[in-house]
Amino acid sequence: MKERIDQIRREIENYQPENKEQVEEFRIKYLSKKGIIPQLFTEFKNVPKEERKELGKLMNELKNDAQQKFNDLKASFEAAEKKDQQKQDLTLPAYFQEVGARHPINILRNEITEIFKSIGFQVNEGPEIEDDWHNFTALNFPPEHPARDMQDTFFVDSGSKVAKESDQIALRTHTSSVQIRVMENQKPPIRSIFPGRVYRNEAISARAHCMFHQVEGLYVDKGVSFADLKQTMLYFSKEMFGKDTRLRFRPSYFPFTEPSAELDISCFICGGKGCNICKYTGFVEILGCGMVDPNVLENCGIDSKKYAGFAFGMGIERIGLLKYQINDLRLFFENDMRFLKQFESAV
Ligand code: PHE
C-alpha cells in the first residue's frame with residue numbers, strides 16, 4: 001500500500017494540465033467521491049493495526065497535497081482567463097445595427113389617414129377574403145358585369161362545389177367591400193375611411209401589380225351632396241399635395257356611385273404647366289369617387305330617401321409613384337434596402 005501511495009503521489013506531482021477542463025478531470029480522477037484517493041481511504045479499513053499510524057499519515061498528506069494542487073491550478077487558470085478578457089479593446093466601436101424605416105406605402109397610408117382623421121373620419125378595416133355579396137352584389141354590380149370575370153378576380157377555392165356564382169368567395173378586388181360591412185353595422189351619420197390591400201388578376205409590370213393598396217372613404221348622413229364631396233377632396237388634396245393644388249372632376253362610371261367621377265389634381269411637379277409626369281396635360285388622376293347609389297344604401301338597410309352619401313377610393317401605390325416620381329411599381333414590393341431607405345417618415 002505504501003508503494004501505491006508513493007506512485008499516486010508521483011503521478012499527482014507530474015500532472016501538468018493544459019487547460020481548465022483538464023484541471024477538472026484531475027479533480028474527478030483523484031478527489032471526487034469515487035476518485036482514487038477516497039478509494040484508498042475505503043481500503044484503509046483492511047490495513048493491519050500496526051501499519052495504520054504510518055500509512056494514515058501518508059494518506060492524509062497525499063489527500064491534502066492533491067487538494068492543494070487542485071486549488072492552485074484552478075486559481076491560476078481562472079486568473080489567466082480574466083487577464084484574457086481584460087485584453088479586449090473596449091475602445092473599439094460597437095457592431096453597426098441597421099435601424100429600420102417605415103415602408104413608403106405605410107408612410108403614405110399614415111399620411112392619408114391622418115388627414116381624414118383630422119376632419120372627423122374614423123378608420124375601419126375589413127377582411128381580404130370576401131364573399132360575392134360584399135365585393136360585388138351589394139355594391140350594385142349586375143351579374144354579368146365584366147369585373148366579376150375570372151380575368152380580374154382571384155377566386156378562392158373553398159373546397160366544396162358552389163352552385164351559384166354568387167356563393168363564391170374571392171380576394172377582394174377593392175376596399176369598397178368595407179363600405180358595405182360598415183353600413184351594415186353602423187347607423188348614419190357614418191364618416192369613415194378604409195385602408196387595405198386589394199388583389200386583381202393582372203400581369204405584373206412597371207404599371208400594374210396583382211396586389212396593391214387602396215384607401216376608401218365613405219360619408220353617409222342626411223343631406224350629403226356632391227358639394228360636400230368636392231370640398232372634402234379639395235381639403236385632402238391641399239393637405240396631401242400642397243396648398244396650390246387645383247381639382248378637376250371628370251364624369252366616370254362605377255356601379256356603386258351615381259353620379260361618378262374621376263378626380264384629377266393639378267400636377268404638383270410642374271404646378272400645371274406641363275411636364276413628363278403629367279404627360280404635359282397639367283393634371284394627374286388620383287382617385288375615383290361619386291355619390292353612393294341609392295340601391296347600395298338600401299342593400300345595407302339604410303333608407304335612401306332619408307340619407308345620402310359620397311364615397312371615394314384611391315390607390316396608394318399610384319399616389320406614391322406620382323409623389324416620389326418612381327417609374328416602376330414593382331420597387332414597392334421587392335424590399336430592396338437601397339430603395340426603402342430613401343423615404344423619410346413624418347407620421
Ligand atoms: N372601388 C373603386 C376602384 O377600385 C374606387 C371607388 C371607390 C370609386 C369609391 C368610387 C367610390 O376603382
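Colleague: How are α1 and α4 oriented to each other, roughly parallel or roughly antiparallel?

Modeller: Happy to explain, with the reminder that this is a predicted model. The axes of α1 (residues 2–14) and α4 cross at roughly 15° and come within 11 Å. Angles under 35 degrees count as roughly parallel, and α1 and α4 are therefore roughly parallel to each other. The crossing of α1 past α4 is left-handed.

Colleague: Which residues of α1 and α4 make that contact?

Modeller: From α1 they are K2, I5, I8, R9, I12 and E13, and from α4 they are E54, L55, L58, M59, E61, L62, D65, A66 and K69. Sorted by class, the contact of α1 with α4 has 8 nonpolar and 7 charged residues, with no polar ones.

Colleague: What makes α2 and α4 roughly antiparallel to each other?

Modeller: Again it is the angle. Helix α2 (residues 20–30) packs against helix α4 (residues 49–86) at about 165°, and their axes are 10 Å apart. Angles over 145 degrees count as roughly antiparallel, so α2 and α4 are given that label. Here too the crossing is left-handed, with α2 passing α4.

Colleague: And which residues of α2 meet α4?

Modeller: K20, V23, E24, F26 and R27 of α2 do, and on the α4 side they meet A66, K69, F70, L73, K74, F77 and E81. That contact of α2 with α4 divides into 6 nonpolar and 6 charged residues, with no polar ones.

Colleague: Why is α3 called roughly antiparallel to α4?

Modeller: Helix α3 (residues 36–43) packs on α4 at an angle of about 165°, with the axes 10 Å apart. The cut-off for roughly antiparallel is over 145 degrees, and that makes α3 roughly antiparallel to α4. α3 passes α4 in a left-handed crossing. I37, L40 and F41 of α3 make the contact with M59, N60, L62, K63 and A66 of α4. By class, the contact of α3 with α4 has 6 nonpolar residues, 1 polar and 1 charged.

Colleague: Turning to the strands, why do β1 and β7 count as edges?

Modeller: The 7 strands of this open sheet come in the order β1-β5-β6-β10-β9-β8-β7, and the pairing is mixed. β1 (122–123) and β7 (247–254) each have a single partner strand, so one side of each is left without a neighbour in the sheet.

Colleague: How do you know that β7 pairs with β8?

Modeller: Two strands pair if there are at least two bridges between them, and 7 bridges join β7 to β8 (residues 257–266). The two strands run antiparallel. F254 stands opposite T257 in β8.

Colleague: Which strands does helix α5 lie across?

Modeller: α5 (residues 104–117) lies across β1, β5 (190–199), β6 (211–221) and β10 (308–315). Its direction makes about 165° with β5.

Colleague: Last one: how far apart do the C-alpha centres of domain 1 and domain 2 lie?

Modeller: They lie 83 Å apart. The domain assignment gives domain 1 as 2–86 and domain 2 as 104–346.

Key:
Residues numbered from 1 in each chain as written. Predicted model: local features only at pLDDT ≥ 70, side-chain atom pairs only at ≥ 80, totals over all residues. Heavy atoms only, no water. Helix = DSSP H or I, 4+ residues; strand = E, 2+ residues; numbered from the N terminus. Contact = heavy atoms within 4.5 Å. Axes fitted to C-alpha atoms, helices over the stretch in contact; angles between N-to-C directions. Domains from an automatic or database assignment. Parallel < 35°, antiparallel > 145°, perpendicular 65-115°, else oblique. Left-handed = near helix turned anticlockwise from the far one by under 90°. Nonpolar A, V, L, I, M, F, W, Y, C, P; charged D, E, K, R; others polar.
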